[in-house]
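These notebook entries record what I looked up in one structure, entry by entry. The sequence and the coordinates are placed below for reference.

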Amino acid sequence: MDDDLGNALDAVGPRLRTLRRQRETTLADLSAATGISVSTLSRLESGARRPTLELLLPLARAHGVTLDELVDAPPTGDPRIHLRPITRHGMTMLPLTRRAGGIQAYKLVIPANTRGEPAPQTHEGYEWLYVLNGRLRLVLGEHDVVLTPGEAAEFDTRVPHWFGTADSEPVEFLSLFGKQGERAHLRTSPKPKSR
């Protein structure tokens, strides 16, 4: 067994005893509240019995603490996502999500003048683009438009499409991509009424 896990489990007994005494509760009272026998509670507090989830859940509820507090769980680690950039067709794509399925988010950077002539492609899905910096040229079916910072576009990726820099400067943009039928929905609340 992992040393950290063993140490955490060994510390549960004294913590249970401290919580019970702070609340001035007897083992018999705690037994009545949890359905755990007095002898099992005594063995847990003394460390003679290892705690299990089936025992810890009712004890956490009876003491009014979370399970993490009861076992003094160690921190779960760094919450930041460290995903690696991917370079394809002259573009650098940085995945911003890592879950399987659903809408995926990317930050894309296209260096100046690297995409060449438009070669529209099609595939299953739905895409939403938002320009952060630079000017993005989007060829979408019969449309050939330039998006500037703060502008967005959304489209069915079964329509032939291509994007690249609109001039000699690089462009940075966000892309949300989902399978067919999924769309990015923006929800806004109504303006407050002025008095």
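**Entry 1. Strand pairing.** In what sense do β3 and β9 pair, and over how many bridges? I found that β3 and β9 pair in the antiparallel sense, over seven bridges. Two strands are taken to pair if DSSP finds at least two bridges between them. Strands (E, at least two residues) and helices (H or I, at least four residues) are DSSP runs, numbered from the N terminus.

I note the conventions here. The model is predicted, so that local features need pLDDT of at least 70 and side-chain atom pairs count only at pLDDT 80 or more, while totals for chains, interfaces and linings use all residues. Residues are numbered from 1 along each chain as its sequence is written, and side-chain values use heavy atoms, with hydrogens and water left out.

L108 has F173 in β9 as its bridge partner, and I110 has V171 in β9.

**Entry 2. Further partners of these strands.** I then turned to β4 (residues 126-133), which pairs with β9 in the antiparallel sense over seven bridges. N133 lies in β4, and its bridge partner in β9 is E172. I also checked the separation of N133 from V171: the two are 38 residues apart in sequence, and their C-alpha atoms are 5.5 Å apart in space. Because its relative accessibility is 40%, N133 counts as partly exposed. The classes are buried (under 20% relative accessible area), exposed (over 50%) and partly exposed (in between), with a 1.4 Å probe and protein chains only.

β2 and β3 pair in the antiparallel sense as well, over four bridges. There L94 stands opposite K107 in β3.

**Entry 3. Overall layout.** I read off five helices and nine strands in the protein chain. Along the sequence they follow the pattern α-α-α-α-α-β-β-β-β-β-β-β-β-β. The protein chain has 195 residues, of which 31% count as buried.

Entry 4. Which residues of α2 (residues 27-34) are buried? I list L27, L30, S31 and T34. They cover an arc of only 105° around the axis, and therefore lie on the same side of α2. The arc is that of the directions from the helix axis to the C-beta atoms. A32 and A33 are exposed, on the other side of α2. Just after α2, G35 takes a positive phi of about 80°.

For α3 (residues 38-46), I list T40, L41, L44 and E45 as buried. Their arc around the axis is only 135°, which puts them on the same side of α3.

**Entry 5. The largest pocket.** I searched for open space next. About 520 Å³ lies in the largest pocket. A pocket is defined on a 1 Å grid over the protein atoms alone, as an open set of points where a 1.4 Å probe fits, with protein on both sides within 12 Å along at least five of seven lines; lining residues have an atom within 4 Å of a point. The volume is the space filled by probe spheres set on the points, which are joined across faces, edges and corners.

Of the 17 lining residues, M91, M93, H123, E127 and F163 are the closest to the centre of the pocket. The elements that give two or more residues to the lining are β1 (86-88), β2 (91-95), β3 (104-110), β8 (161-165) and β9 (171-178). β8 gives the most, with three residues. I sorted the lining into nine nonpolar, five polar and three charged residues. Here Ala, Val, Leu, Ile, Met, Phe, Trp, Tyr, Cys and Pro count as nonpolar, Asp, Glu, Lys and Arg as charged, and the others, Gly among them, as polar.

Entry 6. L138 is found in β5 (residues 136-140), and it counts as buried because its relative accessibility is 2%. The C-alpha atoms of L138 and F163 are separated by 4.5 Å, although the residues are 25 apart along the chain.

D156 is found in β7 (residues 152-156). With 18% relative accessibility, D156 counts as buried. I noted that a polar atom of the D156 side chain lies 2.8 Å from the backbone nitrogen of R158.

Note on methods. Polar contact = N/O pair within 3.5 Å; in protein donor to acceptor, adjacent residues only side chain to side chain.
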